[in-house]
Amino acid sequence: MMKYLLAIITMVLVSNTNAKDVQYDMRVDGITCPFCVATSAKALKKIDGVKSVGSDLEKGIIKVCADEKVIFKDEELKKMFIDKGFTFKGMSKKEQCESV
Amino acid sequence: MNNKNLVPLSILLMLIGLFNAKLEGAPITFNTALPVSEGEFILREQILLVESSNNPSADGLATKIERKENTLISTLVYGLTPDLTLFATIPITNRQLKSTNLSTFESTKRQSSGMGDVSFVTRYTVYKNDFKGGSFRIAPFIGVKLSTGDDNKTDEQGALPANIQNGSGTNDSFVGLVATYASVDWEWDGQISYVDNESKANLQRGNVLKLDMSLQYRFYPNQLTASTDTFINGVIEFNHSNQQQNRIDGVSIENSGGLINFISPGIQWVTQRLILEASIQLPIRQPERNNGLEVDYVFRTGFRLNF
């Protein structure tokens with residue numbers, strides 16, 4: 001019994017170690033202040049697998065740290081940001097999350 | 001300091017803001033054209049303190065009159081679509097009028113409290129140009145102020161004067177246009193609006209043309225970093241209001257209407273969820289009235305919360 005328990009714990013630890021987080025830098029035009037970013041950040045945080053959301057206002061970038069299994073599609077993001085009142089221009093992916 | 005001295009000082013501050021400062025935020029004394037996200041709410045609570053008085057020594061009068069108004073203005077904002085925004089405003093007010101006989105120093109006070117006139121506004125963005133770290137938008141708006149506040153309050157002396165009644169007694173409409181240029185470094189807002197006042201019995205209150213401008217500059221942090229999530233803004237605003245004279249049975253009433261200009265320095269603390277703000281509106285020009293009240297100042301403080 002103890003063997004099985006150890007095996008399960010080991011599998012969980014291994015699977016957690018293997019779950020990799022990546023960062024998407026989303027270029028969004030029209031965001032100018034912390035208050036403007038809030039509703040977009042709220043919508044992104046509702047997506048399963050999204051760990052944290054930050055912003056770099058000077059560069060017009062919203063940074064999303066998410067499980068690598070999360071797939072963001074340009075068309076969906078474009079629609080989401082239009083609903084929030086802003087303009088999605090594109091995104092790039094980084095293999096590691098910065099502190100956001 | 002004489003309020004007139006504030007004009008060059010304010011212009012200087014605006015120029016300093018334009019060329020040196022980091023600006024950001026939203027106007028305190030009027031609206032912005034910046035968007036409200038679809039399906040999202042913003043709650044704005046603002047406390048308004050207004051003090052007005054006459055000048056008995058200059059006008060050779062024996063009575064000092066002081067008017068005080070304390071109003072809590074609650075506004076709920078809803079983004080119906082990314083371009084169409086709805087606003088509903090409910091004021092709760094307390095208005096006092098104190099008269100002091102300068103010979104005997106006896107004073108009488110009259111006051112009223114309660115809900116004022118509610119208003120509803122709809123704003124539609126007709127032009128939007130988003131760019132990296134900024135946006136330029138133009139949005140016309142139209143609204144109505146409903147006669148929900150009691151305008152027939154009385155006390156032991158009889159009917160209260162109109163300027164301390166809770167409501168105006170009329171349903172008034174207004175229309176305007178607001179434009180905003182916002183960047184991470186600075187923001188400018190300008191608004192023009194026209195208020196069409198209805199008549200009540202035989203009294204026709206004068207219609208009002210308003211022009212407002214606001215400049216917001218971020219003085220903290222001086223430099224943005226990737227982790228910046230709080231701004232502290234300096235704000236300078238200019239408010240112009242020109243009201244036609246009131247009329248009774250078509251005859252203009254002296255000591256009514258006229259042109260009033262305010263300069264309004266303010267401050268804002270901006271976070272992702274909350275904006276805290278305060279400003280003081282100082283009159284730099286207003287009609288000189290015989291025996292009439294003149295605005296001493298208007299103080300505004302409050303918050304905006306998105307949820």
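## Contact between the chains

Chain A and chain B bury about 2,500 Å² between them, 54% of it on carbon and sulfur atoms; buried area is the accessible area (1.4 Å probe) that two parts lose on being put together, summed over both. Of the area that chain A buries against chain B, A:T32, A:F35 and A:E58 supply 29%, more than any other three residues. With contact taken as heavy atoms within 4.5 Å, 26 residues come from chain A and 34 residues from chain B.

This is a predicted model, in which local features need pLDDT of at least 70 and side-chain atom pairs count only at pLDDT 80 or more, while totals for chains, interfaces and linings use all residues. Side-chain values use heavy atoms, without hydrogens and water, residues are numbered from 1 along each chain as its sequence is written, and chains are lettered from A and ligands numbered from 1 in the order in which they are written.

## Salt bridges

Two salt bridges are found across the interface of chain A and chain B, the rule being a side-chain nitrogen of Lys or Arg within 4 Å of a carboxyl oxygen of Asp or Glu. The side chains of A:K42 and B:E40 meet in a salt bridge, at 2.8 Å from N to O.

## Helix α2 of chain A

To the side of chain A that touches chain B, α2(A) gives the most, with seven residues; helices here are DSSP runs (H or I, at least four residues), numbered from the N terminus. Because 10 of its 12 residues are buried, α2(A) is largely enclosed by the rest of the structure, where buried means under 20% relative accessible area (1.4 Å probe, protein chains only). Among these buried residues are A:F35, A:C36 and A:L44.

Methods
Buried means under 20% relative accessible area, exposed over 50%, partly exposed in between (1.4 Å probe, protein chains only). Helices (H or I, at least four residues) and strands (E, at least two) are DSSP runs, numbered from the N terminus.
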